[in-house]
Amino acid sequence: MDTKIERLLKWSKGGKAPPLSLELSPTLRCNLNCLFCWRYGKKDINYGDEITLKKYKEIIEEAADFGVKEVRIIGGGEPLLRRDTLEIMKSIKSRGMFGYICTNGTLFTKETIETLVKINWDHIKISLHGSCAETNDHLVQEYGTFKKCVEVLSTFRDLKKDARERPYLEIGFVLVNENYKEIEAMVHLSHRLGVQALFVEPITIYTELGKKLKPDKDDYKIFEKMAIKAKEKAEKLGVETNLSNFIGSKFIEKTGEMIDLIGEDIVNKTNDFFSTACYEPWYRIGIRADGAVCPCGFFDQGTTENIKNKNLKAVWYGDYFNKRREQLLQKNLPEYCKKCCVTLVVNNKIIRHELEKFRFLSSK
């Protein structure tokens, strides 16, 4: 049985289980100014005091002892802008946990790449938003970014003796009206660079500029036709994609309105664990750069928890997480669910389906 489902089933029976996944956002600072990002134009924001390396090592030690199986270093800012992020990554692997990082890729050095290959880091997702420098560098507002990312991915490819060796390489591609026609070219680029997966995410609207970058209905119709061809090409080349999520579905047009789709999916279901809108608070814990804690990457500004003065176990089984769990059981979705991404919505549909199978079997 999948570990995630196993732990969720414990919760469904009135028990408790530790988190499966820990998400860390070491910094909210960034060296780029991407047009579609939540932090576009916000260079002077005071992001608060970042968690110290000493505290991160304590968190990682406790997480491993608590039963956490994977640690995901995510965005918000650029993780590698913080100079000790590599030390955080080493700590994760030293405790035998699965390690993932999402990065814009521009701050890797050859030495860093060699170290990550040596420690068997598991998964690296590099943001690349165009199949050429003209598109990508315009969207991230930094000339030379495309060339740098290509060099980094090529170096990883060349250092790995076999494509199946770690780290698993993935390209993250934010879909906007200036790049959607490049999807098939992105598949070819991924293959050429030895990348195992191409992950597409429709733009999440944070700003007025974001609204202007959102593809319209005609764009999406064109993209869907192109996605079918790109998916076929990717399968032939051995590149994994999530393009099936955007073929014949409403997800792509509902970016920024996901709360509506989530509601439609559970509207006629009973208020019980097996029909919960989102399972993040039962298996994932996210820690922001300043120590604030919430269930997922779409940050809950109303969180009352901070890891700086508590341990993981106290937070996980504490009042804040319990209230969020009860809120979801009652189908009372938090406001920030509007910003949810296609991937999480699809993942929760899959989880509900898997849990339903076990409920059916147990009722026999």
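Q: Buried means under 20% relative accessible area, exposed over 50% and partly exposed in between, with a 1.4 Å probe and protein chains only. Why does Cys149 count as buried?
A: Cys149 has 0% relative accessibility, which is under the 20% limit, so it counts as buried. The model is predicted: local features need pLDDT of at least 70 and side-chain atom pairs pLDDT 80 or more, while totals for chains, interfaces and linings use all residues. Residues are numbered from 1 along each chain as its sequence is written, and side-chain values use heavy atoms, with hydrogens and water left out.

Q: How do you know that the structure holds 0 disulfides?
A: A disulfide is called when two cysteine sulfur atoms lie within 2.5 Å. The count for this structure is 0.

Q: Where does Cys149 sit, and what else is buried in α6?
A: Helices (H or I, at least four residues) and strands (E, at least two) are DSSP runs, numbered from the N terminus. Helix α6 covers residues 145-159, and its buried residues are Thr145, Phe146, Cys149, Val150, Val152, Leu153, Ser154 and Phe156. They pack against α4 (110-118), β4 (123-127), α5 (133-140), β5 and α7, where contact means heavy atoms within 4.5 Å.

Q: What makes the length of α6 close to the expected one?
A: The expected span is 1.5 Å times one less than the number of residues. With 15 residues, α6 is expected to span 21 Å, and the reach from first to last C-alpha is 21 Å. Helix α9 (residues 217-237) gives a like result: 21 residues, a reach of 30 Å and an expected 30 Å.

Q: Why is Asp216 said to cap α9?
A: A side-chain oxygen of Asp216 is 3.1 Å from the backbone nitrogen of Asp218, at the N-terminal end of α9. A polar contact is a pair of N or O atoms within 3.5 Å; within protein, one must be able to donate a hydrogen and the other to accept it, and residues adjacent in sequence count only if both atoms are side-chain atoms. After α9 comes Gly238, with a positive phi near 80°.

Q: Which elements do the buried residues of α9 pack against?
A: The partners are β5 (168-175), α7 (183-192), β6 (197-202) and β7 (240-241). The buried residues in question are Asp219, Tyr220, Phe223, Ala227, Ala230 and Ala234.

Q: Why is Arg284 called buried?
A: Its relative accessible area is 7%, which falls under 20%, so Arg284 is buried. Arg284 lies in strand β8 (residues 284-287).

Q: How do you know that the side chain of Arg284 makes a polar contact with that of Glu280?
A: The distance is 2.5 Å, which is within the 3.5 Å limit. The side chains of Arg284 and Tyr283 are joined at 3.3 Å. Beyond four places in sequence, Arg284 is in contact with residues including Glu23, Glu70, Arg72 and Trp316.

Q: Why does Gly130 count as buried?
A: Gly130 is at 0% relative accessibility, under 20%, and therefore counts as buried. Gly130 is in the loop between β4 and α5. Its contacts beyond four places in sequence include Phe146, Phe173 and Leu189. Gly130 and Leu189 are 59 residues apart in sequence, with 9.7 Å between their C-alpha atoms.
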